[in-house]
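Please look over the sequence and structure below. A short report follows them.

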Amino acid sequence: MIALPIVGVSAADLTLRSAELSTEQKMERVLGASDAKLTASGMGAAIYQRPDGNGYAPAGGYDKYQPPKETDPKQLSSALPAGAQALKDSVGHAKVRTSHGLLETELRELDTHSPQVKGMLTLDRGRLPEAAGEAIATNAFLEKAGYFVGSTVTPRGGTTSYKIVGAYELPDGLGQAQITAPPGTLLEPLEKALTAAGNSGVRAEDSYLVKVGGDGFTWNMVKEANTKGVVVVSHAVMLDPPANSDVPLYRDLAENPSGNTAAMRATELAILATVVGLAMLEICLLAGPAFAVGARRSRRQLGLVGANGGDRRHIRAIVLSGGLVIGAASAVIGTAVGVALTLGLQPVLEERIGNRFGHFDVRPLELLGIGLLAVLTGLLAAVAPAVTASRQTVLASLTGRRGIRRANRVLPVIGLVAVGAGAAIALFGSVSDMGSVVVAGGSAIAELGIVALTPVLVGLFGRIGRWLPLSPRLALRDAVRNRGRTAPAVAAVLAAVAGTVAVATFQHSDELQDKRDYTASLPLGSGLAQVTENSAHKDVPAVREALAHHLPLALRADVDRLVVGKPGCDSWSDEPGCGRAEVITPKDQRCPLYEDGSDSFSVERRKALRADWRCQEGRHGTEFDAVVADEKLLTVLAVTDPGAASALKAGKAVSFDKRIVKDDKVTIRLITDPKAAMSVPSGQEPPGEEKVFAAYQAPAGADGYGLRLVLPARAAASAGLTTAPFGSYFTLDGTATSEQRQKLDGALDTMGLETVVTIEAGYQGGGGVALLALTVFAGLVTIGAAGIATGLAQADAEADLKTLAAVGAPPRVRRTLSGFQCGVVALMGVVLGTAAGILPAVGLRLTERREMQALYDEGVAQGNLAESAIAPYVPIAVPWETLGGLLIVVPLGAALLAALVTKSSGALARRAAG
C-alpha cells in the first residue's frame with residue numbers, strides 16, 4: 001500500500017525530469033548546428049520580440065500599428081547578415097493520398113545533407129533524398145498512412161509522385177506526420193499544379209537557418225532583424241539572454257516578462273500539496289489497521305517488554321519503529337521499481353509524450369524526498385496503533401485479554417465541530433465572491449470531520465444488529481467491537497466514495513443543464529453531408545451517391561454554393577483569382593449596435609436596441625448562409641409554409657432573415673478583390689457587383705438552421721451566378737444503424753475526401769461513460785479497502801472462528817461471516833461517503849448558479865443582453881443510478897467476492913485461553 005504510490009511518484013519524477021531539455025538540447029532540435037533561425041513575423045513592419053522568439057508585437061504597440069497593403073517578398077532574405085551561411089527551410093500543409101484515404105501532412109523542403117541540419121532530425125532507416133522525386137517520411141507518417149520505405153506517395157492535387165527512400169523522426173515531434181524532399185522539388189510543383197486546377201495553393205512558410213560564426217547571432221543582430229519584421233531564435237541569446245531593461249518589448253511596451261508564472265506556480269504547488277496530503281491520508285487510513293493488528297499479535301512480546309521495566313514510551317517506540325522500517329523498505333523497493341520501470345518503458349513513455357528524452361535524468365535529492373515521504377507515511381500510519389498498544393496494561397498484554405477501552409470523547413467533538421464549520425464555510429463560499437476555492441476548502445474540512453466521527457458512526461450502525469440474522473449480526477458486532485481496524489477502512493471508503501459522488505452529482509447536474517441549453521442543428525432525423533474542401537467540388541456527386549446507397553434516405557436535397565472566381569478557392573481566401581458572395585443587409589435594417597459600436601449608445605438606448613428586431617440573432621450558424629437549392633430543401637428543414645415552396649418553384653428566393661429583405665427583394669454582392677474589400681474603412685461598402693433578386697420572406701416560425709437565403713437554380717443562372725456543389729441535406733426514413741454509418745464512413749474514406757456527415761439525433765449526453773468510470777473506480781477502492789479490513793478481521797478473529805468450528809457451526813458460516821464482514825465495511829463507507837459527497841457538489845453548483853445569474857443580470861443592466869434572453873439554468877440533480885450502484889451493487893459485490901475467496905473450513909484447533 002505504501003510502496004505502490006512511491007513507484008508511481010518516482011516514475012513520474014524520472015519521466016518529467018528526463019523529458020526536460022537543457023537549452024543546448026532545445027537549440028539542437030530547433031536549430032541543428034546553426035546559430036539562428038529567421039522567420040517572417042507576418043506583421044510587415046518592425047517588431048519587438050521576446051529573447052526566446054516565442055512572442056512579439058509591432059514596434060510601438062498595436063495601437064499605432066497599420067498593416068501594409070502589400071507584403072514584401074524579399075522581407076525575410078533582406079534580414080540575412082552579410083556573409084552568413086543561410087539554409088532555406090520551407091514548410092507547407094496538404095493532404096496526401098494514403099492506403100486508407102487522405103492524411104493531413106506537413107510537407108517540407110530542406111537540404112538534409114547540409115551539416116547545419118544535424119540534430120534536427122534523426123534518420124531511422126533508409127537513406128536521405130538526393131534527387132527530385134525522392135523524399136523521406138517520418139515514422140509517424142508511415143504508420144498512419146500504411147506505407148513503408150520504398151512506397152510511393154502523391155500529394156492530393158499534385159501531378160508528381162515521390163518515392164520514400166528513408167524514414168526519420170523528429171526528436172521533438174514523434175507523432176508528426178511529415179514528408180521532406182530536396183529544395184524546389186515538393187512545394188513548388190504542388191503549388192503550380194493546384195493553381196492550374198483553380199484551387200488554393202500550399203501557402204508555404206519559409207525560414208532560414210543561419211550560421212554566422214564568431215560570437216554567434218547576438219542580441220543586437222536580433223534587434224536589427226526585428227526592424228525588418230523578422231523573428232529570430234538565436235542560440236547565443238538563449239544561452240545568454242539579455243537583461244529585461246535591454247528588451248524593447250518589456251521596456252517600451254511594459255509587457256510582463258514572466259506573465260502570471262509566479263501565480264500559476266503557487267496555484268500548482270497548492271494543488272500538488274492538497275493531492276499529496278489526501279493521498280497520504282488515504283494510505284494511512286488503509287495501512288493503519290494493518291499496523292494495529294500487527295501490534296495486537298505482538299501484544300505478548302510488548303507485555304514482556306513492560307514486565308521487564310519498559311514503559312509506554314518504549315512500547316510506542318517499538319510500534320513506531322515497525323512503521324518506520326516498513327516505510328523505509330517501501331521507499332527503497334518503490335523507488336527501485338520506479339527507476340526500473342521508467343528505464344524499461346522509456347521508448348513507450350517517449351512515444352506517449354511525443355518527445356525523445358534529452359537523457360535519463362536521475363536526481364538523487366528528489367528521489368530521497370519521495371522516499372522520505374514513504375517513511376513519513378509509514379510512521380504516521382503507525383501512530384494510532386502505537387498509542388493504543390502503549391495504553392494496554394502488562395497483565396492484559398500477557399494474558400491476551402483486550403480489556404475494556406473507553407471511547408475517545410474528544411475526537412467526536414472535534415469531528416462534529418469540523419463538520420458544522422466546513423458545511424458553513426462551503427455554503428458561505430457558494431453565496432460569496434470567494435467562489436469555488438472556499439467551497440472546496442469547506443467541503444474538505446467537513447469531510448475530515450466525518451472521518452473523525454467515523455468511530456462514533458460505526459457504533460451507531462451496530463444498533464441495527466439486533467434485527468439481523470446470525471452471520472450479518474456477528475459481522476456487524478465484530479466491526480463495532482473492533483473499531484480500531486473498522487473505522488480507518490470505513491474512512492478510506494468514505495473518502496473515495498465522497499469524491500466520486502461529488503463529481504458524479506456535479507457532472508449529472510451539468511449534463512441536465514447542457515440538455516436544456518442544447519440547440520438542434522437540424523430537425524430531428526435530418527442531416528447534412530458536406531464536403532469541407534472547396535477544391536473537391538467535382539467529387540461531390542460521388543458523395544451524394546454514396547449517401548443514397550448506404551443510408552435509408554426518405555428525401556435528399558442537393559445544395560450548391562455561390563462561386564466568385566476560381567471554384568477551388570477557400571471560402572475566405574484573399575489570393576489572386578479568388579472572391580466571395582455576400583448577402584447584403586440594407587443599411588436601415590442593420591443593427592445600430594453592430595454598425596456604430598455599442599459603446600456609442602447610452603445604457604437605456606442599448607437596452608432598447610437589444611429588443612429591436614434588427615438586433616435579434618439566430619442560434620444557428622453554417623458555413624454557407626446562401627445556397628442554391630429547390631423546394632426539397634424546405635421539406636428537409638421542416639418548413640411547412642406552402643408560400644415558400646411556391647416561391648421557389650416560381651423562381652423567387654426564399655429568405656429566413658427578414659433583415660435582408662426590403663421591398664420584397666434581396667441583394668447579393670460579388671466581391672472579386674477580397675484584399676480591397678478588407679481595406680475599406682468602417683462605414684463604407686466594399687466594392688463589388690450587386691445582384692438583386694425577388695424574394696419571399698418565410699414566416700417567423702420557419703427556421704433556416706443557419707441558412708439566410710435559398711436561391712432557386714433558375715434565378716441564379718438568370719443572374720449569371722456561378723455555382724459549385726458542396727453537399728446535400730437529407731431526411732432519414734427511420735434511423736441510421738451503426739453498421740450503415742460505418743459503411744458510409746468507409747466509402748467516404750476510400751474516396752479520400754474531407755466530408756462531414758451530421759445527423760440530428762437530439763441531445764446525446766456524453767457523461768455516461770465518465771459516470772460509469774467514476775463508479776467503477778469508487779467500487780474498486782471500496783472493495784480494496786473492505787477486503788483489507790476483512791482480511792485483518794479474519795486474522796484478528798481467528799480465535800472466534802475456531803470457537804465456531806468447535807461448537808459445530810457449519811463450514812459455510814465461516815465463508816458467510818467473511819462475506820458479511822466485507823459487505824458491512826463497504827456499506828458503512830459507501831453510505832457515509834454518499835452523504836459527505838453531496839455537500840461539495842451542491843456548493844459548487846450554487847456557486848456556478850450565482851455567478852451565471854450575476855453575469856446575466858449585469859448583461860441586462862448594461863444593455864449587452866436583451867431582457868428576453870434566456871435566463872441561466874443551473875439545476876442541482878442527484879445521479880440516482882450512480883448512487884444506486886454504489887449503495888447496492890458495490891457492497892453486495894464486495895460481500896460476494898469476499899465469500900468466494902474465503903475457505904469454508906479452517907483447521908480445528910484449541911482456542912487460547914482468555
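## The model

This is a predicted model, in which local features need pLDDT of at least 70, side-chain atom pairs count only at pLDDT 80 or more, and totals for chains, interfaces and linings use all residues. Residues are numbered from 1 along each chain as its sequence is written, and side-chain values use heavy atoms, with hydrogens and water left out.

Helices (H or I, at least four residues) and strands (E, at least two) are DSSP runs, numbered from the N terminus.

## Helices H1 and H11

Helix H1 spans residues 3-19, and helix H11 spans residues 312-344. They pack at an angle of about 45°, and their axes are 7 Å apart. Axes here are lines fitted to C-alpha atoms, for helices over the stretch in contact, and angles run from 0 to 180 degrees between N-to-C directions. The angle makes H1 oblique to H11. Angles under 35 degrees count as roughly parallel, over 145 as roughly antiparallel, 65 to 115 as roughly perpendicular, and the rest as oblique.

Residues of H1, including Ala3, Ile6 and Val7, meet residues of H11, among them Ser330, Ala331 and Gly334. Contact means heavy atoms within 4.5 Å. By class, the contact of H1 with H11 has nine nonpolar, seven polar and no charged residues. Ala, Val, Leu, Ile, Met, Phe, Trp, Tyr, Cys and Pro count as nonpolar, Asp, Glu, Lys and Arg as charged, and the others, Gly among them, as polar.

## Strand E1 and its partners

Strand E1 (residues 36-40) pairs with strand E12 (residues 230-234) in the antiparallel sense, over five bridges. Two strands pair if DSSP finds at least two bridges between them. Alanine 40 has valine 230 in E12 as its bridge partner.

E1 also pairs with strand E11 (residues 205-211), again antiparallel, over four bridges. Here lysine 37 stands opposite leucine 209.

Histidine 235 lies in helix H7 (residues 235-239). It counts as buried, at 19% relative accessibility. Buried means under 20% relative accessible area, exposed over 50%, and partly exposed in between (1.4 Å probe, protein chains only). Beyond its neighbours within four places in sequence, histidine 235 contacts Glu24, Met27, Leu31, Ser34 and Asp35.

Valine 410 belongs to helix H16 (residues 410-431). It is exposed, at 54% relative accessibility.

## Two positive phi values

Most residues other than glycine have a negative phi. Aspartate 664 has a positive phi, near 60°. It sits in the loop between strands E17 (653-655) and E18 (665-671), and is exposed at 55%.

Tyrosine 705 also has a positive phi, of about 50°. Its loop runs between strands E19 (689-697) and E20 (709-711). Tyrosine 705 is buried, at 17% relative accessibility.
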